[in-house]
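Here is a guided walk through the interfaces of one protein assembly, written for someone who likes to know what the numbers rest on. Have the structure open beside the text as you read.

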Number of protein chains: 4
Amino acid sequence: MLKIALLGAGRIGQVHAKAMVAGEDCRLVAIADTNAEAARNLAALVGAEQRAVDEIIEDDGIDAVLIATSTDTHSDLIERATAAGKAVLCEKPVDLSLERALKTLANAGKTGKPVMIGFNRRFDPNFAALKSAFDGGEIGRGELLSITSFDPAPPPVSYIEVSGGLFRDMMIHDFDMACWIFGSVPAQVTAHGSCLVDAGIGAAGDVDTAVVTMIWEDGRIAVVKNSRRAGYGYDQRVELLGSGGLLAAKNVLENTVEKSTAEGVVSAKPVHFFLERYMRAYEAEWSAFVEALKSNAPMPVTLRDGVAALACAEAATLSARTGAPVTITPDMTGG
Amino acid sequence: MLKIALLGAGRIGQVHAKAMVAGEDCRLVAIADTNAEAARNLAALVGAEQRAVDEIIEDDGIDAVLIATSTDTHSDLIERATAAGKAVLCEKPVDLSLERALKTLANAGKTGKPVMIGFNRRFDPNFAALKSAFDGGEIGRGELLSITSFDPAPPPVSYIEVSGGLFRDMMIHDFDMACWIFGSVPAQVTAHGSCLVDAGIGAAGDVDTAVVTMIWEDGRIAVVKNSRRAGYGYDQRVELLGSGGLLAAKNVLENTVEKSTAEGVVSAKPVHFFLERYMRAYEAEWSAFVEALKSNAPMPVTLRDGVAALACAEAATLSARTGAPVTITPDMTGG
Amino acid sequence: MLKIALLGAGRIGQVHAKAMVAGEDCRLVAIADTNAEAARNLAALVGAEQRAVDEIIEDDGIDAVLIATSTDTHSDLIERATAAGKAVLCEKPVDLSLERALKTLANAGKTGKPVMIGFNRRFDPNFAALKSAFDGGEIGRGELLSITSFDPAPPPVSYIEVSGGLFRDMMIHDFDMACWIFGSVPAQVTAHGSCLVDAGIGAAGDVDTAVVTMIWEDGRIAVVKNSRRAGYGYDQRVELLGSGGLLAAKNVLENTVEKSTAEGVVSAKPVHFFLERYMRAYEAEWSAFVEALKSNAPMPVTLRDGVAALACAEAATLSARTGAPVTITPDMTGG
Amino acid sequence: MLKIALLGAGRIGQVHAKAMVAGEDCRLVAIADTNAEAARNLAALVGAEQRAVDEIIEDDGIDAVLIATSTDTHSDLIERATAAGKAVLCEKPVDLSLERALKTLANAGKTGKPVMIGFNRRFDPNFAALKSAFDGGEIGRGELLSITSFDPAPPPVSYIEVSGGLFRDMMIHDFDMACWIFGSVPAQVTAHGSCLVDAGIGAAGDVDTAVVTMIWEDGRIAVVKNSRRAGYGYDQRVELLGSGGLLAAKNVLENTVEKSTAEGVVSAKPVHFFLERYMRAYEAEWSAFVEALKSNAPMPVTLRDGVAALACAEAATLSARTGAPVTITPDMTGG
């Protein structure tokens, strides 16, 4: 029975706590948060104990920590937890600074402790089925990948201001998906972003609508489309053209009812947002982490993967500013 | 080049005239109608000549007639045309009286001239694809067939009064579909009809909503559902459960556009009515008739098929009145 | 915090135990089974205690029992539990004998304790959405209801032999769905059953493929189709034609991936069987039971509903034997 | 009755000849081709006369010419026909050289005769329905447009060599679609092309897989994806995200049959290629041309539109070579 501690009792920490309960081979024993009361409340709900971060990291009885604190603390906590001999599952992104993330990659690497980055979408049953069909050769060689990822509504501008920008905060998921599906990091990224949804986002120096083209060494192409607002729900689709056909993962709808009237045929909308869409993915992510720990297998998403996605985000941020393509060099992804 | 005459210049006659134009190995040379002006107008449009029925039947230069007159004249015209050595394509139903239709079957049979009945749905590309997949063994043995056939809106009561009733007028298509798909005539029919759409239809002694269960000798089952009103368009679907799976022919929609908004995902309706849905079927029906004539092959839909569908309709009409199942005996379908 | 006991630790009992864990306002404290070890094992898993049925029924500390024992014990246990002052949630069917079920209805009624029957499908999010749209007037008056309910594969003949037959064992769900959707009991039922899937089922005196037509007093019609085998999974669909349109609840698919190749466009199958399809429904059913208990509200599915479905099943069984329609009289449904 | 002449009796000329027959207010009277026999054969089929190009252009009895000759003759023929007082419907592209096309725009403009460019996709019922819903305000302001356009199989390399390259030959349709839907010409184009399908295409200096991002002055974005090979048929989809929702035009499938077996649910493929998909569009295009001529209304697709699409293609070709975005200046589109 693995003993787990959760650092961060905010929204995403609560999601993970709930996902963990569903598992069987581990127990959530301690929760820390800068807001001690939030930690206490969540701890009471799931039968864990509220503790301080330092206590947790120094406690040899704890096998692994799940880092769900604010992004600016991720690198530090990864380094401290691995140095203390703990396995880590850290929420994305590793850091807002690629430079800092690369240092964390080096430091955590020296400890030999496993670090997994929480790219939950890889564990969505639909995307996982697409990846598995592709890896099984069902459409031959991959050629052209398209990822559509629209949020239902933009976050408040205050969130935008500390988010690192759309490419690091939102599209980082899609960069990881593209690298995961194609099995490697692109050679080049070209980005374009516009502010079409909320002028406040533009005033904060960010974009809310963006298209990025990623090119691999051998010519394969991925296109990622992001918008902060799709009035109809959370639009999360992947489409991959291969030499032998096309694989497409469609949206998950709220229900399967269709109404036909003189006005047309109406189906349900996509499920509203990431909790509805990805709860099963969080559970599967958690199982995969525990499974890898127990069997001493490589993590299904590595810290290096987290750095690679961040490198793409950094390149895209730069390209969107200059208009020119940005090359992703080996040193940007940890060599 | 086959020379064809059209008897009946009404709505369905015009459809056939248009379908014929699309073909290449035949020419529509003459059109007759009790309303000579209607015949003249249609003739002008398609480059044919307006003539009297008798003239046409006596004209040895005419190879085939298409009978699209009122139902009460079908039997007579089939008998006269075949007696005069002509091939016939006659609109459904053969007759409103099964007894009369059986006599026509006997009489036309003696002439040896081919008679095809216009069950256009067999030629719909979707239903034809379903039949072909089933005959190709793609779902094994057939077990349970379902036919949904709803009109967009009820006809005027004046039409109902001379229609022979829902089972003979509307469901006859579905009876033919069921016999065609299963390749034989059912042993028994149980029908239930209600008047739910238009009280005037009930006052005229007919029903507007009906369900019929057809049972074959070996236990196979078909269920047919009819309604005179589906507010969303012409609902024409077939579903066949077999020992190895299910085949389903869905509706044809007006277009492929989907609109996603906060209100849901809206697709186009089914195409409005039989002209929109079955124009291609009428063309294919016509080609099949000409093809069979040219190659001296058996007609793809025979007069006997028309009698069998009528026998089902007669049995269903009786069953709906009594509530009891009605057996279809060999003498009801011409032995 | 309501204290619940589970009678029956078999497959369906385990499903309920798991569904209960998801709830929050109640606790499963005791489990009984004729196989004490099975009860012990399940109890250990969910943190409950293995106890004898009699002990449970006599324990005033237990608020409600969930009856998931074999069908022939349902009536007895409902009567004993309600007599002992407990609320009951009993798996379907109430009994195989309508006569016995009617007696239970009378007896349990005298105690004034609430009894809910476990018709889980009403709680499926898709069917619930259809019902809610219909009740909200979105397609006007209901006219013609169609229920398709196919199992993926037939059960062993040994199961068939004690099942009460397809109409009482399998179609009883659909009878309840039809009564629920239309809000009342039909006036008449006509059934036809065939043995097409497994000759052993026929040898055991049962059918494996069946169609039932239900007619309401005012002419509304429902058609139910059952098959013990749909090679492609669990086929569970409902379609309702109303005066203003059509509502259709489609199947839930294993995932949303579509593969397009030269062979066609392939989607995932429907989820395999009732656990996959209805786990969420079992959870919602359980919540609804607890909610009604806590707020002293009427049960969302009553014992009378269970008797009505059984009356339909009895009528269908008779009709399938005689071929004739069977009238459902008020005394068959408890007056 | 308008008298029309067809220049070019090749594949696309034959398509137009067939589309014209479906119309009613015009007659195809003459056909010219450098291969006189091809012209004679087609003329015989449709009841027209084979004549020389010069004769046709000098014949005052001819109202309009349809130019379906090889691309390098388009500009010349547009200029000569308009100078001779004829209306023109010319196949896309106007020319392979933007410079030459701009001269034609100036020259034809001076004659005042109407010139329409044959961007058939605008007349596809699905794309037209999307455009009409968008123009009707159904999803608010347009923000992000996506066009997927994959051919079923690459053409021979010999065709590629004279095609002007993927951007001028294939993607020109999509450039026009984007300009049409958004109602204006983009400010900037960034293109990336790879050779992934056929090395021979790369050897000929062209690409077979490409992504282009188009940016409008106000920040709106369009992404176009092209591939010369989608093994499953002709993939032609458009998707438009607006401030109030999403409009998506899906593919047209060969039929509506779905087969469910243990292997999954199989639907029909998209219709194979442009003839199957766009025959109705060619008919509607032709009607629109005739309608505009008869009512003296502006052409629904102008020569200026043809030049704009060509400017986008030229910019994309350059961008794909350099990697950098290319600005579209007013002088590139005729001011």
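Buried area here is the accessible area, with a 1.4 Å probe, that two parts lose on being put together, summed over both. The size of an interface is often given in this way, as the accessible area lost when the parts come together. Please keep in mind that this is a predicted model.

## Chain D against chain A

With that definition in hand, chain D and chain A bury about 2700 Å² between them, and carbon and sulfur atoms give 62% of this area. On each side the contact involves a list of residues: 35 of chain D touch 35 of chain A.

How many salt bridges does the rule find across the interface of chain D and chain A? There are 6. In one pair, the side chain of D:Glu239 meets that of A:Lys225 at 4.0 Å, N to O. That value deserves a second look, because the rule asks for a Lys or Arg side-chain nitrogen within 4 Å of a carboxyl oxygen.

Which elements of chain D give two or more residues to the side that touches chain A? They are strands: S7 (142-150), S8 (188-194), S9 (209-215), S10 (221-227), S11 (235-242) and S12 (245-249). By class, this side of chain D holds 14 nonpolar, 12 polar and 9 charged residues.

A:Glu239 pairs with D:Arg237, and their closest N and O atoms are 2.7 Å apart. Since A:Glu239 lies in S11 of chain A and D:Arg237 in S11 of chain D, the pair joins two chains. Over all chains, the salt bridge count comes to 79.

Chain D superposes on chain A through a rotation of 180° with 0.0 Å of shift along the axis, at an RMSD of 0.0 Å. The C-alpha of chain D nearest that axis belongs to D:Ala324, 2.8 Å away from it. Both copies use the same surface, as 100% of the contact residues of chain D recur in chain A.

## Chain D against chain B

Chain D has a contact with chain B as well, in which 22 residues of chain D meet 22 residues of chain B. The area buried between these chains is about 1700 Å², with 49% of it on carbon and sulfur atoms.

The count of salt bridges between chain D and chain B is 4. As an example of a salt bridge, the side chains of B:Lys250 and D:Glu258 meet at 3.3 Å, N to O. Between chain D and chain B there are also 12 residue pairs in polar contact, both residues at pLDDT 80 or more. Helix H6 (125-135), strand S12 and strand S13 (257-261) of chain D each supply at least two residues of the side that touches chain B. That side has 10 nonpolar, 8 polar and 4 charged residues.

What rotation superposes chain D on chain B? It is one of 180°, with 0.1 Å of shift along its axis and an RMSD of 0.0 Å. The two copies are therefore related as by a two-fold rotation axis. Here too the same surface serves both, since 100% of the contact residues of chain D recur in chain B.

## Inside chain A

Within chain A, the domain assignment gives domain 1 (2-120) and domain 2 (122-280 + 307-332). Their centres, taken over C-alpha atoms, are 26 Å apart. In contact are 18 residues of domain 1 and 22 residues of domain 2.

The two domains of chain A bury about 1700 Å² between them, 71% of it given by carbon and sulfur atoms. A:Leu98, A:Phe119 and A:Asn120 supply 42% of the area that domain 1 buries against domain 2, more than any other three residues. Across this interface the rule finds 0 salt bridges, while 5 residue pairs are in polar contact, both residues at pLDDT 80 or more.

Helix H1 (11-22) and helix H5 (98-111) of chain A each supply at least two residues of the side of domain 1 that touches domain 2. H1 of chain A gives the most, with 5 residues. By class, this side of domain 1 has 12 nonpolar, 2 polar and 4 charged residues.

## The buried areas together

| Interface | Buried area | Share on carbon and sulfur |
|---|---|---|
| Chain D and chain A | about 2700 Å² | 62% |
| Chain D and chain B | about 1700 Å² | 49% |
| Domain 1 and domain 2 of chain A | about 1700 Å² | 71% |

Methods:
Residues are numbered from 1 along each chain as its sequence is written. Chains are lettered from A and ligands numbered from 1 in the order in which they are written. This is a predicted model: local features need pLDDT of at least 70, side-chain atom pairs count only at pLDDT 80 or more; totals for chains, interfaces and linings use all residues. Side-chain values use heavy atoms; hydrogens and water are left out. Domain bounds come from an automatic or database domain assignment. Contact means heavy atoms within 4.5 Å. A polar contact is a pair of N or O atoms within 3.5 Å; within protein, one must be able to donate a hydrogen and the other to accept it, and residues adjacent in sequence count only if both atoms are side-chain atoms. Helices (H or I, at least four residues) and strands (E, at least two) are DSSP runs, numbered from the N terminus. Ala, Val, Leu, Ile, Met, Phe, Trp, Tyr, Cys and Pro count as nonpolar, Asp, Glu, Lys and Arg as charged, and the others, Gly among them, as polar. Copies are superposed by least squares on the C-alpha atoms of residues with pLDDT of at least 70 in both.
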